[in-house]
Amino acid sequence: MILPLEIHNLVKRYKNSSVDAVKGVSFEVKGAEIFGLLGPNGAGKTTIISAITTLEKPTDGTVKVFGVDVTKDSMFTKKQIGVVHQEVINSGFFDVEEILEFQSGYYGLRKNKERIHFLLSKLALYEHRNKRVKQLSGGMKRRLMIAKALVHNPKLLLLDEPTAGVDIRLREDLWNFVRELRSEGTSVLLTTHYLEEAEQLCDRVGIINLGSVVCVGATKEIVRQYTLRKVRIVFAEQVPVQSPYLMEVIGKDYFFVIPQEKPLGEFINELGVPTQLVRDIQIEEGDLEEAFLKIVSQKDGQVPL
Amino acid sequence: MIGFLTIFRREIARFLKVIVQTVITPFVSSFLYLLIFGVSLGQQMDSHQGVSYLAFLIPGLMMMGLINNAFQNSSSSIVSSKFSGDLEDLRVAPVTDQEIIWAMSLGSVVRGTLVALITYLVGSLFMYYQQGEWLHIAHPVSALFFLIVAGLIFGMIGISVAFWATTFDQLSAFSAFILLPLTYLGGVFLSIEHLHPFWQMVSKLNPLLYLINGLRYGVLGVSDVNVGTAAVISLVGFAFFFGLARISLRKGSFQRW
Ligand SMILES: Nc1ncnc2c1ncn2[C@@H]1O[C@H](COP(=O)(O)OP(=O)(O)OP(=O)(O)O)[C@@H](O)[C@H]1O
Ligand SMILES: [Mg+2]
């Protein structure tokens with residue numbers, strides 16, 4: 001089974017730097033999945049993406065795109081990849097449509113009008129197609145970067161914070177578009193600091209901190225593993241409750257934190273309080289943000305999954 | 001191949017967008033040079049190998065314009081791409097270093113030759129006004145050969161310098177401290193025959209002398225140096241700077257400033 005992306009023991013030390021920006025990272029992106037690479041500022045996300053696109057040469061380790069080492073046959077791997085860089089590009093000479101035409105040409109596509117127009121309307125840029133980049137707003141520039149990455153219909157899409165500065169409605173549209181691409185078989189590697197979006201969007205995530213992957217897995221699995229369920233029960237009157245999960249009592253409000261795997265019914269039965277005394281139950285599930293914060297604040301390297 | 005053609009087309013489109021700098025400026029500057037040196041000064045100069053000073057000056061100015069513009073075209077294209085960040089696009093896209101080098105240096109040839117042509121036309125106009133006849137090109141094939149080789153060489157020098165440069169100033173420094181002196185001392189304005197033998201020898205170490213005189217042979221049929229030698233030296237220079245451009249792309253930075 002050939003994977004869209006396999007990274008094995010990737011190490012990157014920049015010139016004039018005394019520490020490794022990426023310290024032996026390994027993970028893979030599977031076919032038609034959205035993989036989120038998450039991590040605090042400076043964790044090494046952009047560096048990893050640069051190694052995939054050959055903008056930066058790995059110090060050690062291998063990066064394979066559809067089974068081919070990017071340092072060996074980059075002409076092949078580059079054709080498979082579309083990339084949206086974190087920094088917006090400001091090319092001054094040409095308008096939006098010209099930029100996309102040149103971009104198509106770089107990928108060997110001479111006539112690509114149809115695709116270009118499709119992308120322009122998909123990314124709400126059609127009416128701005130004759131503007132120069134500097135006449136676009138920040139979010140429009142970002143969308144132009146995305147259109148550029150897609151002119152050649154890449155099988156592996158790398159998105160380095162594609163939604164920074166994009167307004168909420170268009171962000172929503174954009175993520176739907178990414179889902180659409182996934183359903184057509186495109187694999188996506190994305191980085192974002194919007195963890196709520198990552199949770200909704202990503203099939204799997206890898207969490208990286210200080211140049212090392214500290215956790216990789218299915219998004220739901222990670223959330224389940226690293227978060228707790230908070231339960232608040234309001235009783236009709238004060239009751240004696242014996243539970244190892246009880247955290248706090250405020251008047252008739254009882255606050256519990258229970259493990260994810262514990263069935264709720266079992267937990268309530270164990271309280272030994274007649275159910276007719278229960279007025280209200282509120283459950284607050286943990287989310288990716290909680291898991292993320294827990295994972296990146298653990299200092300001792302690898303967190304077992 | 002399409003990648004190469006696209007970069008080439010982009011180079012042409014880019015200099016056409018800044019047409020004032022690329023075409024009007026050389027028009028004005030060659031007009032001024034010809035007016036001041038060719039017409040005013042030329043009347044006090046003896047004719048040299050049977051050609052008037054004005055005629056002598058024209059191929060020199062053509063080559064000077066070509067060299068400057070060829071260098072400018074590739075170097076400023078790369079440097080402005082570094083500045084805006086879209087140079088990274090070329091590294092990320094499936095185009096080879098060779099395609100980039102050829103496309104950019106051919107872009108330089110086109111712009112350089114265009115400028116040389118404008119200079120030729122302006123010069124020819126002066127000739128007609130002063131001497132009642134147009135300037136005929138003595139050996140068109142040689143002229144074209146030296147235009148193309150010089151355009152490629154300086155396109156490739158522009159690429160190499162731009163890839164190593166880390167600021168705009170480094171580019172202007174290269175222009176001002178290396179390119180300009182070498183062109184001025186390469187026999188644009190004077191035949192080296194007028195020089196002291198020692199300076200003649202020094203001049204012969206200046207590679208630009210061969211390009212300028214090669215073109216002068218092509219346009220006028222006269223030259224300070226043997227044309228065969230000039231052609232060989234030009235081709236050696238071309239091979240050298242092609243190699244240098246390849247190294248620059250491999251080792252230089254595509255990263256934005
Ligand atoms: N060109 C460079 N030269 C030297 N060091 C660099 C370079 N680029 C990045 N670094 C360093 O490498 C580390 C990782 O940076 P990287 O840009 O990959 O982080 P990131 O995870 O993308 O962060 P962010 O979320 O802020 O985008 C940082 O410590 C950074 O200072
Ligand atoms: Mg980054």
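Visitor: How many nonpolar, polar and charged residues make up the lining of the second largest cavity?
Guide: When the lining of the second largest cavity is sorted by class, its nonpolar residues number 7. The model you are looking at is a predicted one, and in it the remaining classes of this lining come to 4 polar residues and 2 charged.

Visitor: Which residues lie closest to the centre of the second largest cavity?
Guide: The space in the second largest cavity amounts to about 110 Å³, and 13 residues line it. Two or more of its lining residues come from each of strand 6 (81–84) of chain A, helix 5 (138–150) of chain A and helix 4 of chain B. The residues closest to its centre are V83(A), H85(A), Q103(A), K148(A) and D89(B).

Visitor: How many salt bridges does the rule find across the interface of chain B and chain A?
Guide: Over all chains, a search of the whole structure gives 22 salt bridges. For the interface of chain B and chain A, the number of salt bridges found by the rule is 2.

Visitor: What area do chain B and chain A bury between them?
Guide: The size of an interface is often given as the accessible area lost when the parts come together. In this structure the contact takes 27 residues from chain B and 27 residues from chain A. Carbon and sulfur atoms carry 65% of the buried area, and the area that the two chains bury between them is about 2,500 Å².

Visitor: Which helix gives the largest share of the side of chain B that touches chain A, once the 5 residue pairs in polar contact across the interface have been noted?
Guide: At least two residues of that side come from each of helix 1 (2–17), helix 3 (53–84) and helix 4 (87–92) of chain B. By class, the side holds 11 nonpolar, 7 polar and 9 charged residues. The largest share is 10 residues, and it comes from helix 1 of chain B.

Visitor: Which residues are closest to the centre of the largest cavity?
Guide: Rolling a probe the size of a water molecule over the atoms shows where empty space is left. The structure holds 2 cavities of 30 Å³ or more, and the largest cavity contains about 130 Å³ of space. It is lined by 14 residues, and the closest to its centre are F102(A), Y106(A), R10(B), D86(B) and D89(B).

Visitor: Which helix supplies the largest share of the lining of the largest cavity?
Guide: Helix 3 (96–106) of chain A and helix 4 of chain B each supply at least two residues of this lining. By class, the lining has 7 nonpolar, 3 polar and 4 charged residues. Its largest share is 4 residues, and the element that supplies them is helix 3 of chain A.

Visitor: Which residues lie closest to the centre of the largest pocket?
Guide: The largest pocket has a volume of about 980 Å³, with a lining of 34 residues. That lining divides into 12 nonpolar, 8 polar and 14 charged residues, and helix 2 of chain A gives the most to it, with 3 residues. Closest to the centre of the pocket are T54(A), L55(A), R91(B), R250(B) and G252(B).

Visitor: In which loop is F66(A) found?
Guide: F66(A) is a residue other than glycine, yet its phi is positive, near 45 degrees. In the chain, F66(A) is found in the loop between strand 4 (60–65) and strand 5 (68–69) of chain A.

Notes:
Residues are numbered from 1 along each chain as its sequence is written. Chains are lettered from A and ligands numbered from 1 in the order in which they are written. This is a predicted model: local features need pLDDT of at least 70, side-chain atom pairs count only at pLDDT 80 or more; totals for chains, interfaces and linings use all residues. Side-chain values use heavy atoms; hydrogens and water are left out. Contact means heavy atoms within 4.5 Å. Buried area is the accessible area (1.4 Å probe) that two parts lose on being put together, summed over both. A salt bridge is a side-chain nitrogen of Lys or Arg within 4 Å of a carboxyl oxygen of Asp or Glu. Ala, Val, Leu, Ile, Met, Phe, Trp, Tyr, Cys and Pro count as nonpolar, Asp, Glu, Lys and Arg as charged, and the others, Gly among them, as polar. On a 1 Å grid over the protein atoms alone, a cavity is a set of points where a 1.4 Å probe fits but cannot get out, and a pocket is an open set with protein on both sides within 12 Å along at least five of seven lines; lining residues have an atom within 4 Å of a point. Grid points are joined across faces, edges and corners, and a volume is the space filled by probe spheres set on the points.
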